[in-house]
Amino acid sequence: EEVTEREINAVNSEHEKNLSQDVWRVKQVNKALCKSTHPYNQFGTGNKQTLSESPKLNSINVRNELMTFHNKWYSSNIMSLAVFGQESLDDLEALVIKFFSQIENKQVDAPRWPDMPYSDDQLNTKTYIIPVKDTRSLTISFQMEDLEQYYKAGPEHYVSHLIGHEGKGSILSELKARGWCNKLISGYCSLGRGFGSFDVMVDLTEDGFNHIDDTVKLIFQYINMLRVKKPQKWIFEEYCN
C-alpha cells in the first residue's frame, strides 16, 4: 500500500506539472473532442482524484486492481527489450537471459482499437484553445489507421517530406512570403494500437493569425496537388538518400 501511494503521488506531481504546459493541454482537448465511447476520450494520465480519491469512494482497492492488471498483462510476448552496452553480443545475451528469461509468456494479445476516435460529427471542425504561453499556432489533424504494418515502407515519411519541405514552391516558402508563418512541421503520430493522426503544425506570425482560413486553404490545395500528381519515385529516392 505504501509503494502504491508513493507512485500515486509521483503521478499526481507529474500531472500538476503538465497543467501549465500547452502541449499536454492541447492533447487533452483533442481527447475530449472525440467520441465519448472511444477509449481515446478518457483522461490520458492520472492524478490523486482518479487514482486515489474516486476509487476509495467506490470501494475500489487500487493496489488489488494494479496486481490484477499486472497478472493479466505482464507477459513477455507483448514486451520489447533494447540492450546497449560495451560488452560483446554473447555477454549481453547472457545478461538478458539471466535477468529477463523468467518473465512468463502468458500468450496474451495486446488490445487494439481499429475503430477511429472521431466520427463524422467531430470532423471538419475548428477549435480555438487559449494557450498559457504567448504562442500562435495552427494544427491540422487527419485521423488515420495505424501505420505500424507499413513500417518498412514508411509512407508517412513521403508525405511529411513534401509538406514539411522548405525549398522553393513549398508550403513554408509561400507562407513565409506572405508573412504568415515562422516555421512548419508535419508528421504521423501513433495515438494507440489501431489508430493515429497525421498533423500539420504551423507557427503563425501575428498577421498569420488573422489569415488562418487562408493558410488552411493553401495547405489543402497543396495536399490536393499531391493527390493529383500521385507518388513520384524520384521524390521517394530523394528523401531516402
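Student: Is E237 buried, partly exposed or exposed?

Tutor: Burial is read from relative accessible area: buried means under 20%, exposed over 50%, and partly exposed in between, with a 1.4 Å probe and protein chains only. E237 has 37% relative accessibility and therefore counts as partly exposed. Please note that this is a predicted model, in which local features need pLDDT of at least 70 and side-chain atom pairs count only at pLDDT 80 or more, whereas totals for chains, interfaces and linings use all residues. Residues are numbered from 1 along each chain as its sequence is written, and side-chain values use heavy atoms, with hydrogens and water left out.

Student: With which residue does E237 form a salt bridge?

Tutor: A salt bridge is a side-chain nitrogen of Lys or Arg within 4 Å of a carboxyl oxygen of Asp or Glu. For E237 the partner is K233, and the closest N and O atoms are 4.0 Å apart. K233 is exposed, because its relative accessibility is 62%. Helices are DSSP runs of H or I with at least four residues, strands are runs of E with at least two, and both are numbered from the N terminus. E237 and K233 are separated by about one helical turn, because they stand four residues apart in helix α10 (residues 233–240).

Student: How many salt bridges does the structure hold, and where do E2 and R6 lie?

Tutor: The structure holds seven salt bridges. E2 and R6 form one of them, with 3.9 Å between the closest N and O atoms. Both residues belong to helix α1 (residues 2–18), four residues apart, which is about one turn of the helix. E2 is exposed at 63% relative accessibility, while R6, at 49%, is partly exposed.

Student: Which parts of the chain does the pair R112 and D146 link?

Tutor: The side chains of R112 and D146 meet in a salt bridge at 3.3 Å, N to O. This pair links distant parts of the chain, 34 residues apart: R112 is in the loop between α5 and β1, and D146 is in the loop between β1 and α6. D146 counts as buried because its relative accessibility is 8%; R112, at 47%, counts as partly exposed.

Student: Which residues does I163 touch, and which does T215 touch?

Tutor: Contact means heavy atoms within 4.5 Å. Not counting residues up to four places away in sequence, I163 touches I171, L184, S186, F198, V200, Y222, I223 and L226. T215 lies in helix α9 and is buried, with a relative accessible area of 0%. With the same exclusion of residues up to four places away in sequence, T215 touches L138, L175, W180, L204 and G208.

Student: Which residues make the nonpolar surface patch?

Tutor: Patches are made of residues with over 30% relative accessible area and no salt bridge, where like charges are joined within 9 Å and nonpolar side chains (Val, Leu, Ile, Met, Phe, Trp, Tyr) within 5 Å. Accessible areas come from the Shrake-Rupley method with a 1.4 Å probe, and for residues only the protein chains shown count as cover. L81, V83, L95, F99 and F100 make a nonpolar patch of about 470 Å². Among them, L95 is placed in helix α5 (residues 89–100) and is partly exposed at 38% relative accessibility.

Student: What is the phi of Q107?

Tutor: Phi of Q107 is near 55°, a positive value in a residue other than glycine. Q107 is in the loop between α5 and β1, and it counts as exposed at 66% relative accessibility.
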